Structures are given as structure tokens and as C-alpha cells.
Amino acid sequence: MAGHEGFVEADNAEAIITRIEHKSRKIESLLKQYKPVEALKTALEGSPPKTRDERCKSANWIVVHRAIMAIKDVDGMFSSLDPEYYDILMKYLYKGLSTGDRPTCDQCLRIHEKLTEKAGLGCILRSLSDTVNTV
Amino acid sequence: MAAIAVHQFAQCITCHAWSPDHSMIAFCPNNSEVHIHKLVEEKWERIHVLQKHDQIVSGIDWSIRSNRIVTVSHDRNSYVWNQEGVDWVPTLVILRLNRAALCVQWSPRENKFAVGSGAKTVCICYYEQENNWWVSKLIRKRHDSSVTSVAWHPNNILLATTSTDGKCRVFSTFIKGVDTRDSGTGSAGDSKFGEQIIQLDLSFCWSFGVKWSPSGNTLAYVGHNSMIYFVDEVGPAPSAQTVAFRDLPLRDVLFVSERMVIGVGFDCNPMVFAAEERGLWTFLRFLGERKASSSSAKYGSQFSEAFGKLYGQSKQGINNDRAETSIPRGAIHENCINSIVPLKKGGKSTNTRFSTSGLDGKVVIWDLENQEDLSEYL
């Protein structure tokens, strides 16, 4: 049955970390080329990592956080970000708000406002109610 | 207007059901009683109060052919009420539950009823002629959490359930001596009582409100994550569709035809979902009138409105300075809608009329007859 794709076992965690490191390098180069939205898309792809391993989740969060913080023009971002990314982005915004870090929260709230306008309250519900695919 | 009648029967209604000819309505006004109202000279008058339960009545169903009412309650019991003369006479059905009963539904042939419970079980109850007694048979060990909704397949054998463990399951409820293995039941007739036909793992959070389409070919249920799921070919190789929508989650669904589903829930306004020719389901529109939503200020007011709802204020939030937008967006219900019941005219496969009730204590009757844009899906 569709839905669960099965969680990767712990010995695969290394492979996931390697993939996240590769993603991180790609994001850095995209940011150097002033393509913050492309960087965010890259960061959100393959997220959340399909594992319960906390190391993988926090490694991925660091990468997504880097991309979120690089967004300057929020309205411009939404003109080129496809709706398929909305649900996962919302999850990471709540992760950002849970850190309590001032600049992170400011940035996440700014995007949150626009994202709610775009994707509706359903998007918030989807990110809060999913206890399986946590970020 | 799609809504043709609005009745304020109580402060809050947990569930409701109609008599076979729709001249009477039974509902629970959020306490241990069931009130029956009858339409007398254009006015609804209370004619009976069924008092037997000790706690909130969570489910009512009124059988069409045998004219029996079944009620279930948080007190873990169920009663079947028979009309004798002017009175309704209750028969206790011992469900053997150790948690609240949450929902109830008569089977299509009305010889069984199913009760979902907080004890992670489903009770299938049937009448034993020799003992003059309703017997409850339990489906155990399959659900990992409370059963929130039950729905009978038209073949009288298959039962779909949703649960707060997020799953939707389909069981066989074949009972020897009650059901016969005739041709009408198809392959479903070969399974034993309590056998699980399928488990659907589409939702990652609570699931509510399951229904079969009139033919029994499609199954629809909702998740608390603002998603609705449609499953075709329920069996070894099901095909599933997931529709995410932008508003608050649904609590219950109803098939109006094979290709149209009405969903009701926390958004206070029924939503219409329809399948186009290729069978692809999409959200079509809201059924009640609704002001256009675009400005960001509206979302601010929606948040405080949601807080207002959270604290049981159905009119408007106190901390809301934009009162004009806080009245639930032109909708007829002012609070969460928790049940939707078809108003079926005998013999027709599609029914355009149905009623909804919710935490605002209103019962609203809707008719899709004059909704031109929806007629192609009927």
C-alpha cells in the first residue's frame, strides 16, 4: 500500500549524511550564484530524511536553515516556489520557531505569514499533525 | 441557496438522525437524552425525550424499513428503541465495552448494527430470535486506537472503519444464521467474521468519517491533516487518491453520487469534492456562500476566530478587532459541523438532499437540485 516508504535502517545513516553533505555543497554554490530559491528547493528535496536517526534530521535541518536564512525577498520566493514544497517548508518553519533563536524566528515568521496566505490553514494542520515524518 | 432550511434545535448537537419519512428528527443536545421533534403545522415540536443513557449520546441511527432507533453513548451501552403505540420502548444491548461507544450505524438490511468504540474494538450486534435479545460480537485486536467512524458496504457484509491510529480498515462481518452466502455478496461472502480485508495506511494522524459510494466501489475517508482519501477497488490491489485542501480538516463525509462527495468539519462550511471523467478527485467549491479570501488580514482574523472556537465562543472572538470578518465567513453553521446525514428518497440511487448538524446546535438541510454547476456530477 502506498504511504509508508519504510524507514531506512541505522546503518544507512552514513549514506544519508553523505547525501546531505553533497546537498550542502550544492546549496553553497547556488547561494554564491545568487539563486536562493534554487538553494531552498535543493535543501527541501529529499526532506525529511526517511529515518528516525536524529543525527540525520539535525544535519538536514542545518542545511535547510542555511537556505531559509538566505531568502531575502519572500514574495519573490513564492513566485518561483512550486506548491509541492509548501507542506515540507511549513514543517521546517515550525522547527525554526521551536529553536527560539531570534533571527531564525524572525525569518521563519516572515515566511510563515506569506506561506499561510498561499497554502491556507490546511498546510499548517498537515505539518502539525504528522507525527511520523518529523523533521 | 443550497441550504433550504435552518433549525436551531439546541445549544449543541452531537449527532442526529431522521425518521424514514423525514417527518421526525432525533438528536442529542450534548447530554444523556435523545430528543425527537416532529413537524406539526410548519413548526418543529418536541414530542419525545428518550431518557435511558447516563452519559453523552454519541451516535443515533434510525432504520428506514423497520423504524427502529439505535443509540450509543459514552456510558458504554446501546439501546434499540421500538415504537409501540405512542411510546418508544428501549431494549438494552450489552456491548461488553470498557470504554465509550463513539458511533453507530444500521447495516443496509437492518438486521445488524455496528458500534465503534474507544476500547479499540468494533461491536457487530444482531438480534437472536430464540432469546429475544440483541447480541454483540466484537472485532478485537485490529485497531490500535479509538474507532471514530463505521460505514457499511451495500452488500451488508463489509464494514469500513476509521480510527485515531490513522488507519482505515475494511472487515468482513459475516455472521452465520444472520447472513446468507448468496450471490449478491460476491467474494466478500467467503470471509469469516472479523477477517480484515484491507488496511489503508494513507494518513499519519487521526482519521475520521468513512463512507462507501452508493455502488460500494469507492471508499472515502478524511484525516485530521486537512486531507481526504478516495480508494477504488477495495481489495487486494486498491488504488488510492489523496486530495489535500487549504482549509481546516473535515470530520465526516457523504457520497451524494458516485462522482460527488460532500465533506463537513471544522471549517463550518460543507465542501464539495468531485471526480471528473477520468476519475480524478478534486476540491470543487464550498457549498455555503463564502466571501472571497485573499487578504492577509483575513488570515489574522481566522486565527483569532479559531481561538474563539477553541474556547467555545461560536459568535466571535473577544480579542478580535475585526468583527465584520470574524462571523464565520458568511457560512450558515457557526461552529464545527460533526455529522452529515442523507435525506434519501426511496428507490433513487442518488440523493440531492442531506442535513448537517454541529456544535452550534443547528440542523441545516441542504439541497443540490438547483446548483447548476454541480448537476453534471449527480
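Predicted model: local features only at pLDDT ≥ 70, side-chain atom pairs only at ≥ 80, totals over all residues.
Visitor: At what angle do H3(A) and H6(A) pack?

Guide: Helices and strands are DSSP runs numbered from the N terminus, with at least four residues (H or I) for a helix and at least two (E) for a strand. H3(A) spans 54–69 and H6(A) spans 102–129, with axes 10 Å apart. Axes are fitted to C-alpha atoms, for helices over the stretch in contact, and angles run from 0 to 180 degrees between N-to-C directions. The angle is about 70 degrees.

Visitor: Which residues of H6(A) make the contact with H3(A)?

Guide: Contact means heavy atoms within 4.5 Å. H3(A) brings A:Trp61, A:His65, A:Ile68 and A:Met69. H6(A) answers with A:Pro103, A:Thr104, A:Gln107 and A:Ile111.

Visitor: Why do H3(A) and H5(A) count as perpendicular?

Guide: H5(A) covers residues 86–99, and its axis comes within 11 Å of that of H3(A). H3(A) and H5(A) are therefore roughly perpendicular, as their axes cross at roughly 95 degrees.

Visitor: In what order do the strands of the open sheet in chain B run?

Guide: Two strands pair if DSSP finds at least two bridges between them. The pairing is antiparallel. The edge strands, E6 (57–62) and E9 (87–93), each pair on one side only. The order is E6-E7-E8-E9.

Visitor: Which residue of E9(B) is the bridge partner of B:Val80?

Guide: Strand E8(B), residues 78–84, pairs with E9(B) in the antiparallel sense over seven bridges. The partner of B:Val80 is B:Thr91.

Visitor: How many contacts beyond four places in sequence does the model have for residues 313–328 of chain B?

Guide: pLDDT is the predictor's confidence in each residue, from 0 to 100. Chain B averages 86, and 85% of the residues score at least 70. Over residues 313–328 of chain B, pLDDT stays under 50. The contacts for that stretch number 24.

How values were computed. Residues numbered from 1 in each chain as written. Chains lettered and ligands numbered in written order. Heavy atoms only, no water. Parallel < 35°, antiparallel > 145°, perpendicular 65-115°, else oblique.
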